Each structure stands twice: as C-alpha cells, then as structure tokens.
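Visitor: Please take me in for a close look at a single part of this model, and tell me how it is built up from its neighbours.

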Amino acid sequence: MSLLKVDNLEVSYGLIQAIKGVSFTVEEGEIVSLIGANGAGKTTIMHSLCNIIPKKAGKVFFDGKDITSIPSHRLVPMGIAQVPEGRRIFQELTVFENLKLGAYTRHNAGEFAETLESVYERFPILKERSKQIAGTLSGGEQQMLAMSRALMSHPRMILLDEPSMGLSPLYVNTIFDMIKQINSEGTTVLLVEQNAKKALSIADRAYVLEIGRISKSGTGRELLEDDEIRRAYLGD
C-alpha cells in the first residue's frame with residue numbers, strides 16, 4: 001500500500017481547469033519529485049493535497065485513509081507536514097518561537113526538547129540565532145527554518161514546494177543535502193522543484209507535469225538520461 005495515493009485529481013480556477021486527472025503514488029521512504037515548467041500546475045497540486053484549495057474531482061489517500069476533504073490543520077497530527085513556496089515563516093517571531101509553533105501538535109515536553117535538539121544539531125546556525133527575529137535571517141537561513149519548523153511535528157511525510165527558489169548556489173546545495181538527510185532518517189519526501197536537475201538527482205522516482213497532466217514518469221536517473229527531458233528541462 002502506497003503511503004500517498006492521488007487518484008484522478010482535478011482542480012479548476014473558475015472556468016480554467018488547472019489539473020486534469022492527475023494520478024500518482026509515493027511509497028514510504030521515497031523521495032518523489034514533480035517537475036515541470038512554470039504554470040504546469042505543480043504548486044496547485046501541493047495546495048490541493050493539503051486542502052488549501054478545493055478539488056473539483058479525485059481522491060487522495062494517506063496510509064490508506066481518505067484525506068480528500070480533511071482540513072489542512074488536521075493533516076499535521078496524521079503525519080503530513082508542508083513547507084510552502086516562499087517559506088512562509090512567521091517573520092516577526094524569533095527562530096525558537098517559529099520552531100515551537102511547528103510542534104503545536106506535540107504535547108510531551110521531553111519529545112519537544114529532543115526534536116529541538118536534533119534540529120539544532122542539523123543546523124547549528126538556528127541554535128546560535130534562536131533568539132533572533134526570523135525576518136532578519138538570510139533567505140537560505142529562512143528556508144532552513146521553514147523546513148526545520150515542519151520537522152518539529154515529526155512527520156512521516158514532508159511536502160516541499162520550491163525549496164531552492166531565490167537561493168544562492170551554496171544554499172541550494174545545503175538545502176538538497178538536508179532533503180537527502182531528512183529522507184535517510186526515515187521521512188518520506190514529495191518535492192516540487194523548478195531546478196529539475198537537482199530534483200531528479202536525488203529522486204527515487206519522478207513525474208513530469210505538463211499543462212496540468214502527467215506526461216512522463218520514471219526513476220530520477222531514467223529521466224535525467226531522457227533526451228527529451230534533458231532538452232526541455234535540463235538545458236542540455
């Protein structure tokens with residue numbers, strides 16, 4: 001049984017159908033990437049999975065449970081965390097306060113302290129700046145904070161929407177190293193990313209989205225070596 005199963009998803013904005021019968025799966029322990037051009041519908045899918053925007057049709061299952069209509073805030077205790085495009089940290093709160101809010105579903109003080117320490121071990125800069133106002137961090141540091149905040153809920157699956165957007169090459173490498181580490185520690189990853197080469201390089205499997213439909217799928221390596229994909233998305 002797949003950890004995440006998306007079955008014939010359709011999403012519309014008024015008369016415009018943005019997602020047209022998309023189906024895919026994510027197995028437990030995988031990194032699965034969705035790649036495609038701007039406007040292909042990648043972020044729309046992520047928002048729809050978390051019920052931030054309504055679905056016109058289709059079903060979504062997580063660990064065998066139908067979550068098609070479950071409100072976003074109830075998905076976190078079920079084991080799903082999202083890092084949205086643009087990071088969306090709480091700019092006026094401190095780093096620590098942001099991390100604490102990420103753990104709002106966890107009420108055991110010992111578990112909170114343990115998870116916080118693991119976050120600080122992964123990113124010592126967040127510990128150094130725990131009392132700093134989050135909005136004063138650099139873009140890369142804010143992305144680290146956004147991902148770490150999501151991990152505070154101890155999710156089984158994390159949804160990452162354009163984590164490298166607007167970052168310097170150094171921070172892009174750091175963020176992708178973090179994604180691989182998160183996955184190696186047992187968290188399943190669904191990744192939407194404009195940097196197709198980076199996304200495919202770490203993906204177990206990937207789906208190519210074109211104008212609201214999945215046009216191709218395969219392992220990350222297969223798509224990296226696909227001539228059509230290389231020409232369209234990898235700049236080769």
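Guide: Let's start at Met147, which touches Val83, Ile158, Leu160, Ile175, Met178, Ile179 and Ile182, leaving aside residues up to four places away in sequence; contact here means heavy atoms within 4.5 Å. Please keep in mind that this is a predicted model, in which local features need pLDDT of at least 70 and side-chain atom pairs count only at pLDDT 80 or more, while totals for chains, interfaces and linings use all residues. Residues are numbered from 1 along each chain as its sequence is written, and side-chain values use heavy atoms, with hydrogens and water left out.

Met147 is one of the residues with the most contacts inside the largest nonpolar core, together with Leu99, Leu145, Leu160, Ile179 and Leu191. That core has 43 residues; the term stands for a set of buried Ala, Val, Leu, Ile, Met, Phe, Trp, Tyr and Cys residues joined through side-chain atoms within 4.5 Å. Buried means under 20% relative accessible area, exposed over 50%, and partly exposed in between (1.4 Å probe, protein chains only). Apart from this core lies another one of 30 residues, including Ile19, Val60, Ile70 and Tyr207.

Several partners of Met147, among them Ile175, Met178, Ile179 and Ile182, bring us to helix H7, residues 169-184. Helices (H or I, at least four residues) and strands (E, at least two) are DSSP runs, numbered from the N terminus. With 16 residues, H7 reaches 23 Å from its first C-alpha to its last, close to the 22 Å expected at 1.5 Å a residue; the expected span is 1.5 Å times one less than the number of residues. Its buried residues are Val172, Ile175, Phe176, Met178, Ile179, Ile182 and Asn183. Seen down the axis of H7, they fall within an arc of 150 degrees, so they line one face of the helix; the arc is that of the directions from the helix axis to the C-beta atoms. On the face turned away from this buried side, H7 carries the exposed residues Leu170 and Ser184. After H7 comes Gly186, with a positive phi near 115 degrees.

What do the buried residues of H7 pack against? They meet strands S3 (31-35), S7 (157-161) and S8 (188-192), as well as helices H4 (109-122), H6 (139-151) and H8 (196-202).

Finally, look at the loop between H6 and S7, where Pro155 has its place. At 7% relative accessibility, Pro155 counts as buried. Its contacts, not counting residues up to four places away in sequence, are Gly79, Ile80, Ala81, Ala150 and Thr187. Pro155 and Thr187 are 32 residues apart in sequence, yet their C-alpha atoms are 6.9 Å apart in space.
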